[in-house]
Amino acid sequence: SLLSSIGVETIEALLHLPRAGLAARFDPQLLQRLDQVLGVAPEPLVAYEPQRAVSVRMQFAPTQRREVLHEAVRRTLAVFCEKLARQVQGVRQLFLTFYCEWRIADCERNPHQSEIRNSPFAIEINLSRASRSFTYWEKLVRARLEAVQLPAPARAVSVWALHIEPLDDEQDELFDTDRQDARQLAELVDRLTVRLGPRALAQAQLVSEHQPERAYRYAAGFRVPATAGRQAADPPRRSSGFSLKSAVRNPQSAMILQGIRPLRLIDPPRAIAVSALFPEGPPVQFQDRAGQHIVAWCEGPERIETGWWRGPYVQRDYYRLVDQTGRRFWIFRQLHDRSWYLHGWFD
């Protein structure tokens, strides 16, 4: 582990290190677990309560006819959703299990006789948020079954779920709201997941990291929050009223870019040629693939460094620039070799 690599093998050795340094260089849970071991912080134990699976099963004559299977699934799913409604609960993950019959000839004893063996065939459907709507589930299940071919005739089907969660009823809104936007986004995600597979979609997640290109990661799956509408997904930009003339005449009006990170990053950062009035000064012009850019306004530097414990040492000075055409860029200078790079631009 990282602690053992720096010579910390015991709790006693860990106690001799400053707490502020531990919080900055290691996982925040380290101090919490240390306090729990010493009895300073409480460590509540939550008893495990296994959830009871919700399941509905229907039997019928063995068949592979698609219309018969669809009708059996539809009726079973309706009863399943009624159970969830009585319990005021919903599910994100649904399983369909078809019990197929295989006839295997018993050649040793009698070649004219056959043995019937049952083989379950399971289908999994995932949602971005919990639901118990029969109409909604039925559309997704029907779309999923269109791409499935059973290996043998089925004699029964089971609709079941392992994990259930509380789900209150939602009243339809008269006007467009963030809740309706979140619902439409969830429906789009679910349709894409059913048709393309659960690994076809990924969601960006923030990571506690100073280095910009490592400050996010993509996680498989996509979950839509309760309010993912215009206000959550498209917040008002502080730079919406940006004017190049006002920025040049009054530099204070250009401080709208303070603290903002661009949504468009170049991976890896692109090397550029920069001219400055003096070696440590801000850029006055730079050249990239698009041509020459004359800087009309500049803000910086903002220094970003990484700790020695993380790996390769990164030390950069970032600048926010506006050229004469009004385009806004994010560039940095590496301190170890004084080279310049374009890392992104603002919309």
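Let's start with one residue in this predicted model: setting aside neighbours within four places in sequence, Trp137 touches Leu77, Cys81, Val91, Arg92, Leu94, Ile125, Leu127, Ser131 and Arg132.

Apart from the core described below lies another one, of ten residues, with Ile272, Phe286, Phe329 and Trp340 among them.

Now for the largest nonpolar core, which has 33 residues. Trp137 is one of the residues with the most contacts inside this core, along with Leu77, Phe80, Leu96, Phe98 and Val141.

| Element | Residues |
|---|---|
| strand 1 | 54-63 |
| helix 5 | 66-86 |
| strand 2 | 89-105 |
| strand 3 | 114-131 |
| helix 6 | 134-145 |
| strand 4 | 154-161 |

Helix 5 supplies the largest share of this core, seven residues.

How do helix 5 and helix 6 pack? Their axes are 10 Å apart, at an angle of about 150°. Angles over 145 degrees count as roughly antiparallel, so that is how helix 5 and helix 6 run relative to each other. Their crossing is right-handed. On helix 5, the contact is made by Arg66, His70, Val73, Arg74, Leu77, Ala78 and Cys81. Helix 6 brings Phe134, Trp137, Glu138, Val141, Arg142 and Leu145 to the contact.

Let's finish with Ser131, which lies in strand 3. Is Ser131 buried or exposed? Its relative accessible area is 10%, which is under 20%, so Ser131 is buried. Beyond its neighbours within four places in sequence, Ser131 is in contact with Leu84, Gly90, Val91, Tyr136, Trp137 and Leu167.

Technical notes: Residues are numbered from 1 along each chain as its sequence is written. This is a predicted model: local features need pLDDT of at least 70, side-chain atom pairs count only at pLDDT 80 or more; totals for chains, interfaces and linings use all residues. Side-chain values use heavy atoms; hydrogens and water are left out. A nonpolar core is a set of buried Ala, Val, Leu, Ile, Met, Phe, Trp, Tyr and Cys residues joined through side-chain atoms within 4.5 Å. Buried means under 20% relative accessible area, exposed over 50%, partly exposed in between (1.4 Å probe, protein chains only). Helices (H or I, at least four residues) and strands (E, at least two) are DSSP runs, numbered from the N terminus. Contact means heavy atoms within 4.5 Å. Axes are lines fitted to C-alpha atoms, for helices over the stretch in contact, and angles run from 0 to 180 degrees between N-to-C directions. Angles under 35 degrees count as roughly parallel, over 145 as roughly antiparallel, 65 to 115 as roughly perpendicular and the rest as oblique. A crossing is left-handed if the near helix is turned anticlockwise from the far one by less than a right angle, and right-handed if clockwise.
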